[in-house]
Amino acid sequence: MSFSQDVKKELFPEFPKARHCQIAEMAAIVTMVGRANDGKFSIYTENDDLRRKFFTLLNKTITISGCDDTLKKSETKELFDVLKMREDELLSEGLITQQSCCKRAFIRGAFLASGSVSDPMKGYHLEIVCDTSFAAKQLQGLICFFEMDAKIVQRKNQWVVYLKESNQIEELIGLMGANVAYLNFENIRIEKEMRNSINRQVNCETANIGKIVSASVRQLEDIRLIEETRGLKSLPPNLQEIAVLRKTHPDMGLKDLGNLLDPPVGKSGVNHRLRRIGEIANSIRT
């Protein structure tokens, strides 16, 4: 089972206690997968859990007869009156999402109907597909109400509302009510961040070691050149001292070399002396 399916499996049994929230969640499902034709209404989905949730919410708000997936004309009219929708345009009005709890319920219904979220181990992406730009903008506004940066992209004849930031996806999962999935997502995100941090640190240390080795090789070549042409005694005493130490400790960092001097010298002082040796070696080469 995918992570997206895990989130939905946790959300399907969740039903709002307040009637206004039940209406908001049902309105989202109607907006996303509802179809009205000749005064009758039905939802188009292959997901039995979604169909079961819709009709459970429907029974909590209006009285329907039988268990047919298609509502009668009188039931359809009552449904749209409750949802404050027009039968010829399956779009909910802002009146049913005035309260923040209703906004959460609407987002949850929209996600269950046509949303998905990628496995956080592989990447960060949550999206909800809408049939109209109006529905997408409405959903975007509800998500942005909770200070998330939801964006819209058009794919052929559909509009997709999506989030890319891991912390915002995590927050939205929790906001919809999937607390177990929220904790799992958070644990994976923290683990990935720690792993990435360790990798960056290792890479940085490896790069630093490479720089130290490269610099040490160049310094040893300079010292050897001076020793074979002029002799180290031609150097001033402070440069002789650091040249001998570098030959003795070819893998040692500048700070540690400075601590071996008498009196000790800081990293910048050691670097300055080795740079002077390099200048002398370059003058011999040219």
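Q: In which helix is the place of Arg246?
A: In this predicted model, local features need a pLDDT of at least 70 and side-chain atom pairs count only at pLDDT 80 or more, whereas totals for chains, interfaces and linings use all residues. Residues are numbered from 1 along each chain as its sequence is written, and side-chain values use heavy atoms, with hydrogens and water left out. Helices (H or I, at least four residues) and strands (E, at least two) are DSSP runs numbered from the N terminus. The run of residues 237–248, in which Arg246 has its place, is helix α9.

Q: Is Arg246 buried or exposed?
A: Arg246 touches Ser216, Gln219, Leu220, Ile223, Asp251, Met252, Leu254, Leu257 and Leu274, not counting residues up to four places away in sequence, where contact means heavy atoms within 4.5 Å. Buried means under 20% relative accessible area, exposed over 50%, and partly exposed in between, with a 1.4 Å probe and protein chains only. Because its relative accessibility is 2%, Arg246 counts as buried.

Q: What is the relative accessible area of Cys21?
A: Cys21 lies in helix α2, which covers residues 19–33, and is in contact with Pro16, Cys101, Cys102 and Ala105 when residues up to four places away in sequence are not counted. The C-alpha atoms of Cys21 and Lys103 are separated by 8.2 Å, although these residues are 82 apart along the chain. Cys21 is buried, and its relative accessible area is 7%.

Q: How many helices and strands are in the protein chain, and what is its radius of gyration?
A: The protein chain has 11 helices and six strands. For its 286 residues the globule rule gives 19 Å, and the radius of gyration is well over that, so the chain is more spread out than a compact globule; the radius is taken over C-alpha atoms, and the rule is 2.2 Å times the number of residues to the power 0.38. Along the principal axes, the C-alpha atoms fill a box of roughly 110 × 35 × 30 Å. The counts asked for are 11 helices and six strands, and the radius of gyration is 34 Å.

Q: What share of the contacts in the protein chain between residues at least 6 apart in sequence join residues at least 24 apart?
A: Of the 286 residues of the protein chain, 43% count as buried. Among the contacts between residues at least 6 apart in sequence, the share joining residues at least 24 apart is 62%.

Q: How far apart do the centres of the positive and negative side chains lie?
A: Lys and Arg count as positive and Asp and Glu as negative, while His and the chain ends are not counted. The place of each charge is taken as NZ of Lys, CZ of Arg, CG of Asp or CD of Glu. With 41 positive and 38 negative side chains in the protein chain, the centres of the two sets lie apart by 4 Å.

Q: Which residue in the turn of the β1 and β2 hairpin has a positive phi?
A: Strands β1 (residues 34–37) and β2 (residues 40–43) pair in the antiparallel sense over four bridges, two strands being paired if DSSP finds at least two bridges between them. The bridge partner of Arg35 is Ser42 in β2. Two residues lie between the strands, and the one in the turn with a positive phi, of about 55°, is Asp38.

Q: What is the relative accessible area of Lys156?
A: Strands β5 (residues 151–155) and β6 (residues 158–163) pair in the antiparallel sense over five bridges, and Val153 stands opposite Val160 in β6. Lys156 is placed in the loop between β5 and β6, and its phi is near 55°, a positive value in a residue other than glycine. Lys156 is exposed, and its relative accessible area is 79%.

Q: How far apart in space are Lys151 and Thr70, C-alpha to C-alpha?
A: Lys151 lies in strand β5 and counts as partly exposed at 37% relative accessibility. Leaving aside neighbours within four places in sequence, Lys151 is in contact with Gln140, Val160, Val161 and Tyr162. From Lys151 to Thr70, 81 residues apart in sequence, the C-alpha separation is 34 Å.

Q: Which residue is joined to Asp262 by a cis peptide bond?
A: The bond has an omega of about 0°. In the loop between α10 (254–260) and α11 (267–285) is found Pro263, and the residue joined to Asp262 by the cis bond is Pro263.
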